[in-house]
Amino acid sequence: MLSDCVIIGGGPSGLNAALVLGRAIRNIILFDEDKPRNAVTHESHGFITRDGIKPAEFKKMAQDDLLKYPSVSIQNQRVINIKNENRSFLINTEDGKSYRSRKVILSTGLTDVMPRVEGIHHFYGTSLFSCPFCDGWELKDRALVVIAEDERAFHLSKMVFNWSKDLVVCTNGKNILSNEQIEVLIKKNIKVIEDEIVILQGEKGHLKKIQFKNGKEIQREGGFVSTGLKQASSLAQTLGCAMNKMGGIETDKMGRTNINGVYASGDNSLSAPPQLINAASDGSKAAMGVISDLIDEDF
């Protein structure tokens, strides 16, 4: 059977794309291997009517919405390969099955690359986060830390300062801040520690103490981490999709890539801050792009 569209990735972007396509009476398959980037997150924020919802609950509600549309199928399988052939796409899954589709939406997301700090994974998602827009409110007015090893340290520090004025910036042994930037931070009473971090300590995911190689330590209640981001899937590269300077999949405003019939949506484009609501919006736009192109081809 030839599907109108296959969506790879069952996060908010892929789910919203499936909803829009289903409502357009298009035969689609949503492939979801259920390995979300926000698996460590206890609550999702910033999505109107769903502020504070558990990610798993959000996903269950979204899938229930999709069940209303008989042309939408959800397959809990990992896609291992895609081939562009004969004006369609051959999709192979981990269980050995093959599918064919006219269009493909890649909603495959990103993977966080954490700083190499012992103990950091114990706190990430509970008291350490990457996005102040998502979790700044919950940490407001507390003793916070910004852990950053790259040039984003200054920008992230300015952002976090909006939620708490009790702030320490730790670069984990990296000299990434200019003298001018350090002077600006000090004028705001933001302490800068460039010594290497030995370990983060706390209990049940709640940060309490940071120990440094020089023997010093500070007390902190939480904070934000500048994480690296990499594509969670290599399918875009396999298909020959162009990438932007930030390492995201390059698309137009409707999610079209440089490969005819291939669209991308959500965090993997790195075109907007990685928030649930932005990803869902991206999925909607990519689905509209698919529908528009299908109509033009068939009219």
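Author: A residue counts as buried when its relative accessible area is under 20%, and as exposed when that area is over 50%. The model above is predicted.

Reader: Take R26: is R26 buried or exposed?

Author: R26 is buried, because its relative accessible area is 14%, under the 20% limit. R26 sits in the loop between α1 (12-23) and β2 (28-31).

Reader: With which residues is R26 in contact, leaving aside its neighbours within four places in sequence?

Author: The contacts of R26 are D4, L21, S71, R102, L294, I295 and D298.

Reader: L21 is a leucine on that list. Which residues of the largest nonpolar core touch the most other members?

Author: L21 is one of them, along with C5, I7, A18, I28, I105 and V290, in a core of 20 residues. At least two residues of this core come from each of β1 (2-8), α1, β2, α2 (55-66) and α8 (276-298).

Reader: Which residues does A18 touch, not counting those up to four places away in sequence?

Author: A18 touches I7, I28, L30, L66 and V72. Another core, of 19 residues, lies apart from the largest one; I29, V79, C241 and A264 are among its members.

Reader: Now the sheets. What is the strand order in the open sheet of 5 strands?

Author: To read a sheet, list the strands by who pairs with whom. Here the order is β8-β15-β9-β10-β11, and the pairing is parallel. The edges are β8 (128-129) and β11 (191-193), each of which pairs on one side only.

Reader: How many bridges join β9 to β10, and how many join β9 to β15?

Author: β9 (residues 144-147) and β10 (residues 167-170) pair in the parallel sense over 4 bridges. β9 and β15 also run parallel, joined by 4 bridges. I147 has C170 in β10 as its bridge partner.

Reader: Where does helix α5 pack?

Author: Helix α5 (residues 153-161) packs on the sheet and touches β9, β10 and β15 (222-225). The direction of α5 makes about 160° with that of β9. Together, β9, α5 and β10 form a right-handed β-α-β unit.

Reader: What is the strand order in the open sheet of 3 strands?

Author: That order is β12-β13-β14, with antiparallel pairing. Since β12 (197-203) and β14 (217-219) are edge strands with a single partner strand each, one side of each has no neighbour in the sheet. From one strand to the next the twist averages 20°. β12 pairs with β13 (residues 206-212) over 6 bridges, in the antiparallel sense. Within that pair, L200 has I210 in β13 as its bridge partner.

Reader: Last, the cysteines. How many disulfides are there?

Author: A disulfide is a covalent bond between the sulfur atoms of two cysteines. The test is whether two cysteine sulfur atoms come within 2.5 Å. By this rule the count is 0 disulfides.

Definitions and conventions
Residues are numbered from 1 along each chain as its sequence is written. This is a predicted model: local features need pLDDT of at least 70, side-chain atom pairs count only at pLDDT 80 or more; totals for chains, interfaces and linings use all residues. Side-chain values use heavy atoms; hydrogens and water are left out. Two strands pair if DSSP finds at least two bridges between them. Contact means heavy atoms within 4.5 Å. Axes are lines fitted to C-alpha atoms, for helices over the stretch in contact, and angles run from 0 to 180 degrees between N-to-C directions. Buried means under 20% relative accessible area, exposed over 50%, partly exposed in between (1.4 Å probe, protein chains only). A crossover is right-handed if, with the strands pointing away from the viewer, the path from the first strand over the helix to the second runs clockwise. A nonpolar core is a set of buried Ala, Val, Leu, Ile, Met, Phe, Trp, Tyr and Cys residues joined through side-chain atoms within 4.5 Å.
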